[in-house]
Amino acid sequence: MLDATKRYASLPSFYRLCGRLFAWLLPATVALFAAGLVWGLYLAPADYKQGEAYRIMFIHVPSAWMSLLVYMVMAAAGAVALVWRVKLAELIHIECAPVGASFTALTLATGMLWGKPMWGAFWVWDARLTSELILLFLYLGVIALYAAIPDRRKAARATAVLAIVGVVNIPVIHYSVIWWNTLHQGPTVTRLDAPAAHISILAPLLFMAVVFKLYFITVLLARLRGSIAEQCRAQQWFRDEAAGRA
Amino acid sequence: MTPRRKQRLAFVVILLAGFAAAAALVLYSFEKNLLYFYTPTQIAEQAPPAGRTFNLGGMVVPGSVRRGERVQFELTDNHSTTRVVYRGLLPDLFGDGQGAVATGRLREDGVFAADTVLAKHDENYMPPGLAESLGQKPVGIAKPADGYAQ
């Protein structure tokens, strides 16, 4: 087990693994995303109260879940990088940041587009919206701090500390609608009793959540391949690899 | 695990635990300020000073909405009820039995004078046919004729 982990944590073999996985993950993600969009935006019934406008949640909700999940991956990889100094963990840690920031920005943008017609306001400073905005700033802070330190490995350790500190915000975002009065509604899917969405609406939502996870893995692998290529471009194995391909 | 790695692991754990404890204390002590709105019961127990702007949230008492140049309605949390007057446009989701959050001031006579009214959506999603069979009247924009006729 440890041997297998060590083998795949070595950059050359992980680089090849990324290439193999990416080749079939990309078409699968594109096809399933198209299917999910048709299911959510066209086949799923309109909501009894919100009509058609609720359909924005098929993007908003999976995106919001991903904004939290990607942060946890980023912080966990950061912790591994801090303690064990695994180079691959440093790369996973830092390559998560732009992807997570995009999910967070998409969550905020789609939420605002939905908030204006439904609530009557683009933005309110309630606990859910504010803590999600802080999450965006945490991601941007990680990106900016990494860019400010010239040594890549030292930079990754510094951003790992920032990411681990920011983990405190994750349960605050998730439980904000339960702990405090907010304008944002409470959880629909992750309740102790049954989910509060009808199956015809819940099914495409969960489908989209799976598609978003596939998208994250696909994009992360592509980014990792890029950053390994950048870091190893002077090394012999990478030159051999590139020559073999050409 | 080598001693150095143990040391670094301890650093990570202490870092996270320390910040979690700090955040918990801060959030606990600022709990009141983190509430987006007060409920009618909180207003009844301890009324904020007259003239201070705050948010009042609750469920619109069915049948209490009187539209006109000035909209009047009652917000309840099932314990206390506060009367609200408002001049302006209401969001589409606003209606009987719906959550709403009003921003404004409490007048001397105990009526809440709102500057803005936002609708609060609940966590339920279902197709219109099912909602009707459950006895829920489709409101708002699902059936525009219902929402705008009044």
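1. A cavity is taken here as a set of points, on a 1 Å grid over the protein atoms alone, where a 1.4 Å probe fits but cannot get out, and lining residues are those with an atom within 4 Å of a point. Grid points are joined across faces, edges and corners, and a volume is the space filled by probe spheres set on the points. The model is a predicted one, in which local features need pLDDT of at least 70 and side-chain atom pairs count only at pLDDT 80 or more, whereas totals for chains, interfaces and linings use all residues. Residues are numbered from 1 along each chain as its sequence is written, chains are lettered from A and ligands numbered from 1 in the order in which they are written, and side-chain values use heavy atoms, with hydrogens and water left out.

2. Of the 31 residues that line the largest cavity, A:His60, A:Val61, A:Ala64, A:Arg128 and A:His184 are the closest to its centre. Helices and strands are DSSP runs numbered from the N terminus (H or I, at least four residues, for helices; E, at least two, for strands); H3, H4, H5 and H7 of chain A each supply at least two residues of this lining, and the largest share, six residues, comes from H3(A). By class, the lining of the largest cavity has 19 nonpolar, 10 polar and two charged residues, where Ala, Val, Leu, Ile, Met, Phe, Trp, Tyr, Cys and Pro count as nonpolar, Asp, Glu, Lys and Arg as charged, and the others, Gly among them, as polar.

3. The second largest cavity has a volume of about 50 Å³, and its lining includes A:Lys87, A:Glu90, A:Tyr146, A:Arg152 and A:Gln231. H4 and H6 of chain A are the elements that give two or more residues to the lining of this second cavity, with the largest share, four residues, coming from H4(A). Its lining has four nonpolar, one polar and four charged residues.

4. A nonpolar core is a set of buried Ala, Val, Leu, Ile, Met, Phe, Trp, Tyr and Cys residues joined through side-chain atoms within 4.5 Å, buried meaning under 20% relative accessible area (1.4 Å probe, protein chains only). In the largest such core, of 57 residues, A:Met57, A:Phe58, A:Tyr71, A:Met74, A:Phe216 and A:Ile228 touch the most other members. Among the elements of chain A that give two or more residues to this core are helix H2 (11–43), helix H3 (57–84) and helix H8 (199–231), and the largest share, 12 residues, comes from H8(A). A second, separate core of 18 residues includes B:Phe54, B:Phe94, B:Ala100 and B:Phe112.

5. Two residues illustrate the contacts, with contact meaning heavy atoms within 4.5 Å. Leaving aside neighbours within four places in sequence, A:Ile228 is in contact with A:Leu11, A:Phe14, A:Tyr15, A:Leu91 and A:Trp237. A:Val165, which lies in helix H6 of chain A, is in contact with B:Leu15 and B:Phe19 when the neighbours within four places are likewise left aside.

6. Chain B has four helices and five strands, which follow the pattern α-α-β-β-β-β-β-α-α along the sequence. An automatic or database domain assignment is the origin of the domain bounds, and for chain B it gives domain 1 (1–34) and domain 2 (36–134); 40 Å separate the centres of these two domains, taken over C-alpha atoms. Of the 150 residues of chain B, 38% count as buried.

Notes
Buried means under 20% relative accessible area, exposed over 50%, partly exposed in between (1.4 Å probe, protein chains only). On a 1 Å grid over the protein atoms alone, a cavity is a set of points where a 1.4 Å probe fits but cannot get out, and a pocket is an open set with protein on both sides within 12 Å along at least five of seven lines; lining residues have an atom within 4 Å of a point.
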